[in-house]
Structure formats: structure tokens, C-alpha cells
Protein chains: 2
Amino acid sequence: MNIKNILVVSPMYKELRLFIEKEALHKSFRFLPEEELSQNDLTWADALVSFNLKADYDYSNVKWVHSLGAGVDRFLHKKVWNEEVLLTRTICSFGQRIAEYSLSYILRDLQLHDNFQKQQQQKSWEQRTPKLIADQKVLVYGTGEIGQMIAKVFSSLGVYVVGVSLSGTWKDYFQEILTLDSHFSRLSEMNYIINTLPLTEKTEKLFNHAIYNQLSNAGFINVGRGASVDEEALLQALNENQVRFAVLDVFVNEPMPENHPFWCNPRVQITPHISAVTTPEEGAACFLKTLKNIDENQPLSNRVDTKKGY
Amino acid sequence: MNIKNILVVSPMYKELRLFIEKEALHKSFRFLPEEELSQNDLTWADALVSFNLKADYDYSNVKWVHSLGAGVDRFLHKKVWNEEVLLTRTICSFGQRIAEYSLSYILRDLQLHDNFQKQQQQKSWEQRTPKLIADQKVLVYGTGEIGQMIAKVFSSLGVYVVGVSLSGTWKDYFQEILTLDSHFSRLSEMNYIINTLPLTEKTEKLFNHAIYNQLSNAGFINVGRGASVDEEALLQALNENQVRFAVLDVFVNEPMPENHPFWCNPRVQITPHISAVTTPEEGAACFLKTLKNIDENQPLSNRVDTKKGY
């Protein structure tokens, strides 16, 4: 594939420009914020680097789209993709970032941070013993790059990590791999549930009563996609103690509307989609590496299977 | 050494009894709460298992004292020890427990928990990027069992871990080992400081202006002993941003008096000496293993050097 004209459309276009222009490539670039995009730019470009596609434009000249995010549902979910267009996605320290995010909230729970914070306000000296993470069972939905890094970090701390995989294929660092069909009977033994799945037809509203009803006072962490969660069902599960607490980084609607009941639920911790941020430095590095691989006709490990959606 | 009569004096004497009697050893045991201890028991006993020694008793018949805690300052600090008496201490999952305690508070800081909690109260959706732990430098005072386990856990996450050792002896899992004399010039580059040192003459009020003045907005975690901290100096360092926050599990006086300024300092998190609890199960297991080693004349890895104080 011959890529000459590259259009970078992103809120962080200035920072990306700095890192990309350092390389002094023999390519033509245009760097734009999303609100300045025009059809003229898209007609000019062979390649588009962006977090998403805007409706109402003709993308038919573009041969390669590189997603600045890890998730590509904004490009594929409930959309038709032209199979002749290459789609790649950013893979960088997302796995490490999401593993540390998840670990931080699980350790906070095991180490009773909220309890000791409350006691301090009351000047109360009452000993309670934190739990060791090695005694915990963690179920990770998704065994790709991100799920595997979670499994690597957690298993190094002695955690029993079980994966749920759509394919059921064996992956390193997991003690067991279950499939969506086979995993229901195991849910009650899990202390923590972490969702890392991409949003596809198969994962939309996957976390509904059928899963929550099997849980027994588990902690639930969602770092996948908000639309994989049936929000009504989650609120009910929190209310009925199947879910003891939820840490949510992704939501059906982002930013979350002010009247959403999650904001005020004391068992819900909200973070504003920050568990796997693409920094300009890492985003530029992954794009540049992908471009080099395309120019040199090398295999692309970050190529998206547009039928599968990830 | 011939041990026949063993006196177990502890607030958890009932739980210890359960685990110890399971073994059906050919020894005589007495299990007592601290308030029921009498001179008669101490005259009877060859061995004493306890968290501490009570004043005003004659211990001269006791040949072996086993500390139920990891720290033995309650036995040795500012006291005279009869060198003919064997002193051993409990070593169990303390290292793992303290590593997870420390990790939980460092990840909480890096992942901006307090910031996102505050934002949630205000229903504010404002993205900030957490920091990766692999970009941090952590200085651990003490390179014994506990310091080494901290180094092992943190280095597995990519942290640059530096140890401060009284002897300067090389230990695994540390990137560098500094001595007390040589370490001052390196303090400004450290993101987090963790004290695990035992309380001895050398470590009393070790954390004073001389150390704090070199720090640059570091997080300070004390899981060693409270008396190693000059509390006035720490309050000043918090006030002047040399120390950004302190997580304190140990104090000069425990329980902390109600009028202590730490309680209300928003930069101080207090926990009531729970980072390395001896559970009855682990306490009993370590005692039983030590007893077996004594009976079989095996080397004792948990023997205390009473001159050094650890």
C-alpha cells in the first residue's frame, strides 16, 4: 500500500504533530482539530488518523484508517465498513495502565481504605485485618492484549486469575480460560470481575441479570465499554448485594449526564474514561510504527478484524 | 535446648491454643490472656510466647522467648537482655502484607483516587491521566525480610527500587543499595519513601529534618516503628511540601491520643497498626516451626541478634 497523504484529526493534533514531525518522514501531513475537518481534507488523504469517523463525509479515497484509541467500536459498531479499507488500532501501554487501574481499586478494597478513612474522621483506633490479594479469585472478561496484561500483573501477586474468552483459546498468565457459555456456574466463587471486552453485537448488554444474579457480593470493574453493561440491572445488583461495589470508567453516554443515578450511588466509583488514555507520545509512536510496517510490507499486529470488531 | 513447659501469653491465646493443640506435641502448655499472667506461670515455664514482656516479673527461669510480632523493640529497646536467653521472632506473611499495604496507597495516589472521588461528588467529568508505577522511584529503608518483599513486589511492576541498609550489604530485587551515610544526596529524586526499619538506638527519630529537608514532594509511608519518626518534623515537612502526604501505620504512642494533630491533618492517612498483623494461624505456624527447629537442633533463621536489636 502506498501512503503519501496523511490526515491527523484529533483534539491533541498539536501534540501529535510535535512527535510525528520529529521523524521528518517523506510524507505529506495535515494536522487538524475535529471541528476544522472538511471534505477537501478527506478527498486529499490516503490515510486518516483519528479517534472516530464523522458522519456526513465521503471517506472513499481513504485507504487506511488508524484508530488513536484501542477500542474501534466508534468505527465499526452498528456501522458498515468497506472491507477494502485497512483498519488498525493503537496498542501501547493500555494493558499496563488498565492493570494498574484495576489493581489500585482492588487493593483499596482489600486494604480497607474507606474503613480507615472513616475511622480517622472519628478519631477511632479500631484494628481490622486487611485481606491478602493472593487469597482472591479474579475473573477477567477478555483475554486479548489488555486482559492478558491484567492476568500477568495479578498472577505475579499470587492471584488466581480466570479468563472468559469468546473463543476459549488458551492464553498465558491465566489459571483457567472459560467461555461465555461455560462460565456462569463459576461466577459465585469470584471475588472480583473485570470487563475488558470490546463493544460488539455479542458484548452489548452482556452484563445483565443473567450474570449479576450468579455473583455473590463481588466487586465489578468495567474498563471495556459502557454499552456492555445493562445499567438498570447493575443498579439492581448493587442494591441486592450481588455486586458489592462497582468501579466504572466507561459509560453508555460519555460524559455522563448529570441526572444519572451512578453519580450519587455510594457503591459506585466513577472515573471519566481515564483508565487507558492514549498519550500523544504513545499515540504518535504506535502510528509511526504502523506506518513503517505498512511501508515495508510487514505484518500488522494491530490490524483490526473488522468482522469480529476487534 | 530442652523445652518442656511452654507459656503462651497473648490477647489471642484461645485462637493460638486451637492451632497449637492440633499438633498434639509432647509438651506442657499454658495459654493465658495477658491480664491473668502470674509469677507462678513464669517460674514454671521454659519458654514464653508473647508480644511483649511485662515489667515487675522474674523471667530468670525462661530459656527461650518467642515474639509473636516481627518487631522486638518491646523486648530490647532501652532494656537489658540476658544473653543466655534465646530470642526468636515471628516471620510469616508480614513482608507480603506490608508490600500490599504500601502498594495500595501508592497506586491510590498515582491513580488519583481522591481527585476522582471529589469530582464524583461534584458530578464533574474532567479527565486527568493517572501515572504509571513503572515511572516511579521508591526508596525503602530496611532491606530485611520486609524491605526485600516490598522490593520484590514493586520491582515486578517495573518500579526503580532503592534500598537503605545499615550495613550496605547487597540484596536481591533492589536496583541500588545505599547506606544511611551515603543516601542523603539521593533523596530529592525519590517519589515515595517507605520505612520498614526496626526501632533501635540508631533508628530512633531517624526521620527528622535532616531527611525531610532533602525530600521534594514525596509520599512517606511508615510501616516500621512510630518512634523512628520525629513527629514535629514530619508535620512541618507536610506543611512545607517536602512530604506531599504521609501514610502512617505506627506511632510513638498507640493507640494514638485523641488530641494528636495527625488525626485531623488532611495530608495524613492513619491506619491503626494493621499493615502486618500476626494472625493466630500464622503466629502458631511460625512458633511451631521454630520449636521444631530448636528440638532438632536446626539453625534458626528467625533468631534475633539481641545486640543489633533485630
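Hi everyone. A salt bridge here is a side-chain nitrogen of Lys or Arg within 4 Å of a carboxyl oxygen of Asp or Glu. With that in hand, take Glu189(A) and Arg186(A): their side chains meet in a salt bridge, with N to O at 2.8 Å. Please keep in mind that this is a predicted model.

Let's stay with that pair for a moment. Glu189(A) counts as partly exposed, at 30% relative accessibility, while Arg186(A), at 19%, counts as buried. Through shared partners, salt bridges join Lys137(A), Glu176(A), Arg186(A) and Glu189(A) into one network.

How many salt bridges are there over all chains? The count comes to 26. Let me show you two others. Arg97(A) pairs with Glu282(A), the closest N and O atoms being 3.8 Å apart. Arg97(A) lies in helix 4 of chain A and Glu282(A) in helix 9 of chain A, so this bridge ties together parts that are 185 residues apart in sequence. Arg97(A) is buried, with a relative accessible area of 11%.

Next, the side chains of Arg108(A) and Asp114(A) form a salt bridge at 3.0 Å, N to O.

Now, on to where the two chains meet. Here 48 residues of chain B are in contact with 48 residues of chain A. The buried area between them is about 4400 Å², and carbon and sulfur atoms give 62% of that. On the chain B side, Gln120(B), Lys123(B) and Trp125(B) lose the most area to chain A, together 19% of what that side buries.

So what about charge pairs across this interface? Between chain B and chain A there are zero salt bridges. Helix 4 of chain B gives the most to the side that touches chain A, with nine residues. By class, that side has 23 nonpolar, 16 polar and nine charged residues.

How are the copies arranged? A rotation of 180 degrees, with 0.0 Å of shift along its axis, superposes chain B on chain A with an RMSD of 0.1 Å. The two copies are thus related as by a two-fold rotation axis. Of the chain B residues, Ser104(B) comes closest to that axis, its C-alpha at 3.0 Å. And 100% of the interface residues of chain B are interface residues in chain A too, so the copies meet through the same surface.

Thanks, everyone!

Key: Residues numbered from 1 in each chain as written. Chains lettered and ligands numbered in written order. Predicted model: local features only at pLDDT ≥ 70, side-chain atom pairs only at ≥ 80, totals over all residues. Heavy atoms only, no water. Contact = heavy atoms within 4.5 Å. Buried area = accessible area lost by both parts, 1.4 Å probe. Helix = DSSP H or I, 4+ residues; strand = E, 2+ residues; numbered from the N terminus. Nonpolar A, V, L, I, M, F, W, Y, C, P; charged D, E, K, R; others polar. Least-squares fit on C-alpha atoms with pLDDT ≥ 70 in both. Buried < 20%, exposed > 50% of the residue type's maximum accessible area, 1.4 Å probe, protein only.
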